[in-house]
Amino acid sequence: MAQITVNEILTLLNEHHLLLDSQFSSLSYSFDQIAYNSKLVTENCLFFCKGNFKAAYLDDAQRRGAKAYMSETAYSNAEIPGIIVNNIQKAMSLVSAAFFGFPQNQLPTIAYTGTKGKTTSAYFTKAILDRTYQRKVALSSTINTVVGLEQKDVVKSNLTTPESLDLFTNMHRAVENGMNHLVMEVSSQAYKKNRVYGLHYDVGVFLNISPDHIGRNEHPTFADYLHCKEQLLVNSDTCVLNADGTHLTDIYYTAKATTQPDNIYIYGRQRADQETDYPIDFDYRSVEDSLTENQIVLTAITEKAKRLGIDGVYRIGIPGDYNEGNAVASAITSALMGAKPADVAYGLAHTTVPGRMEIYQTQSHGTIYVDYAHNYGSLHSVLDFLKKQAPNGKVTVITGSTGDKGIDRREGLGKAISESADQAYLTTDDPATEDPKAIAAEIADHIDQTRVNLEYIADRKAAITKAVTESKKGDLVVVAGKGHDNYQKINGQNVPYEGDATIVQNLVKGL
Ligand SMILES: CC(=O)N[C@H]1[C@@H](OP(=O)(O)OP(=O)(O)OC[C@H]2O[C@@H](n3ccc(=O)[nH]c3=O)[C@H](O)[C@@H]2O)O[C@H](CO)[C@@H](O)[C@@H]1O[C@H](C)C(=O)N[C@@H](C)C(=O)N[C@H](CCC(=O)O)C(=O)O
Ligand SMILES: Nc1ncnc2c1ncn2[C@@H]1O[C@H](COP(=O)(O)OP(=O)(O)OP(=O)(O)O)[C@@H](O)[C@H]1O
């Protein structure tokens with residue numbers, strides 16, 4: 001059973017210069033539970049006060065059995081002793097890891113960061129390593145969290161990277177369930193909020209970066225966004241970098257500051273004019289890009305890359321040329337963790353990711369894709385790819401954009417539509433407290449309507465239905481933005497929504 005003594009906590013906090021004061025007299029006192037939500041407190045619990053905290057939550061925690069609290073502020077009315085720290089998020093992460101006996105030491109971890117491709121790459125990697133390690137690979141992704149082999153060990157995730165206490169709880173459960181590796185996604189917010197403070201990864205991957213998540217409640221500037229993402233490399237024993245992304249110099253030198261060049265692997269698409277200041281370890285080229293799959297040739301260039309033994313031709317079961325880079329990153333990380341080429345081949349060919357390039361074919365209408373693209377980078381990648389695949393057909397997109405956050409996504413979506421779509425239906429996507437029609441108008445402001453047919457249909461299902469039923473053979477239709485979500489965020493509520501995939505599945509039956 002997980003436990004921690006006051007002495008262990010104070011020692012840990014002191015080592016990290018986090019402790020300001022402790023009102024606890026007995027150093028040998030031991031807690032059997034830790035929690036940051038008062039509703040989850042049971043007997044003999046250490047309670048963390050963090051975030052937008054209200055004193056009433058501490059009263060609630062006391063009533064339910066908390067024996068001490070940890071906080072950046074002392075609460076004079078509290079009846080239980082306080083441990084006062086100068087950074088509660090860092091303290092909570094360290095104490096959580098210690099409480100669960102540092103589960104990361106028994107769970108070699110591959111961590112992905114990047115603006116786009118984290119979930120897809122994490123799924124590719126899990127599929128490969130599941131072959132190598134008989135499915136004993138845990139997963140922490142935006143979609144699902146997997147901590148064991150049974151159905152009850154697979155749960156839907158709330159965040160891309162969970163709160164530290166939840167993350168270490170999951171890792172502990174994974175170890176208890178006999179899982180022997182972890183593949184996880186790490187968001188920039190996870191670093192901003194110290195959700196992964198003190199956690200080291202065996203392999204850390206930087207997939208790419210483009211402006212996103214900048215604004216109220218997220219990152220004040222792009223520099224801050226980049227800095228947070230780069231922290232993954234500082235905390236990784238081996239770093240894997242994508243040569244085709246922007247800011248490579250910055251990213252490479254951040255990796256090199258704490259990692260020997262021998263433990264840095266760089267991959268990139270083969271190009272005649274390839275010239276970088278860094279050695280490319282692996283290059284790859286497309287043999288086939290089709291509407292349903294890709295095939296690549298992966299070539300090891302440097303000696304250390306050759307030692308991984310994964311040169312070869314691979315089929316990738318998810319379409320989109322940008323998924324080739326995701327697949328290569330996954331092949332390299334999996335090989336670093338012991339996967340054989342046959343495992344890589346199987347995993348890349350058989351991965352599917354809910355809401356990412358899900359394909360629905362019709363008999364006499366177009367081909368429909370459900371995809372999570374919701375900013376310029378992703379929508380541009382998807383539409384640009386499909387446009388090249390449909391020389392004689394029309395590319396139609398159905399999309400909206402979220403309210404109350406990511407305001408600059410609206411311009412980006414409009415730009416991506418203008419560049420590569422022939423037709424767009426603007427509709428509703430998590431409007432929060434905003435009017436979806438006004439959001440759509442902002443997207444429309446950036447669409448060149450002399451070349452793109454545009455229509456606003458507020459009801460998302462109606463927009464999808466019209467686009468799909470009116471499509472002709474050879475046309476490509478992308479239902480973008482919501483991916484696997486089955487709710488619409490409206491005025492603080494998650495209003496149930498049938499889901500893009502379900503709607504499309506039902507529609508194509510008769511077509
Ligand atoms: C801004 C931000 O990071 N907020 C996160 C943070 O909120 P918070 O600490 O302020 O929590 P709160 O909900 O206001 O409540 C304050 C505290 O009181 C406690 N409480 C509350 C009620 C009660 O009755 N009793 C009680 O004890 C809560 O458990 C909490 O500890 O901690 C919560 C979990 O402890 C997170 O759910 C929440 O994420 C919000 C919802 C969120 O959506 N964050 C997004 C921006 C995010 O992190 N996204 C990234 C992906 C984006 C990227 O790629 O960068 C992600 O990793 O998912
Ligand atoms: N390497 C890539 N480059 C550009 N676009 C990509 C890439 N990989 C995936 N995409 C696009 O981005 C969308 C989201 O992909 P995925 O969920 O794998 O990324 P993510 O980093 O987890 O995203 P998010 O942070 O938004 O959850 C996909 O549906 C696809 O449209």
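**Figure 1. Packing of helix 10 against helix 11 in the predicted model.** Helix axes are here lines fitted to C-alpha atoms over the stretch in contact, and the angle between two of them runs from 0 to 180 degrees between N-to-C directions. On that basis, the axes of helix 10 and helix 11 (residues 341–350) come within 10 Å and cross at roughly 145 degrees, and the crossing in which helix 10 passes helix 11 is right-handed. Helix 10 contributes Ala 327, Ala 331, Ser 334 and Ala 335 to the contact, while helix 11 contributes Asp 343, Val 344 and Leu 348. Sorted by class, the residues of this contact are five nonpolar, one polar and one charged.

**Figure 2. The shell of residues around ligand 2.** Of the 22 residues around ligand 2, those that come nearest are Gly 117, Lys 118, Thr 119, Thr 120 and Ser 378. By class, the shell comprises five nonpolar, 12 polar and five charged residues.

**Figure 3. Helices and domains that supply the shell around ligand 2.** At least two residues of the shell come from each of helix 4 (118–132), helix 10 (322–336) and helix 12 (376–389), with helix 12 giving the largest share, four residues. Because domain 2 (103–282) and domain 3 (358–508) both give residues to this shell, ligand 2 lies between them.

Figure 4. The chain contains 16 helices and 26 strands, and its C-alpha atoms fill a box of roughly 75 × 55 × 40 Å along the principal axes. The radius of gyration of the chain is 24 Å, which agrees with the value near 24 Å that a compact globule of 511 residues would have.

Notes: Residues numbered from 1 in each chain as written. Chains lettered and ligands numbered in written order. Predicted model: local features only at pLDDT ≥ 70, side-chain atom pairs only at ≥ 80, totals over all residues. Near = placed C-beta within 6 Å. Nonpolar A, V, L, I, M, F, W, Y, C, P; charged D, E, K, R; others polar. Domains from an automatic or database assignment. Left-handed = near helix turned anticlockwise from the far one by under 90°. Contact = placed C-beta atoms within 7 Å. Rg over C-alpha atoms; globule rule 2.2 N^0.38 Å.
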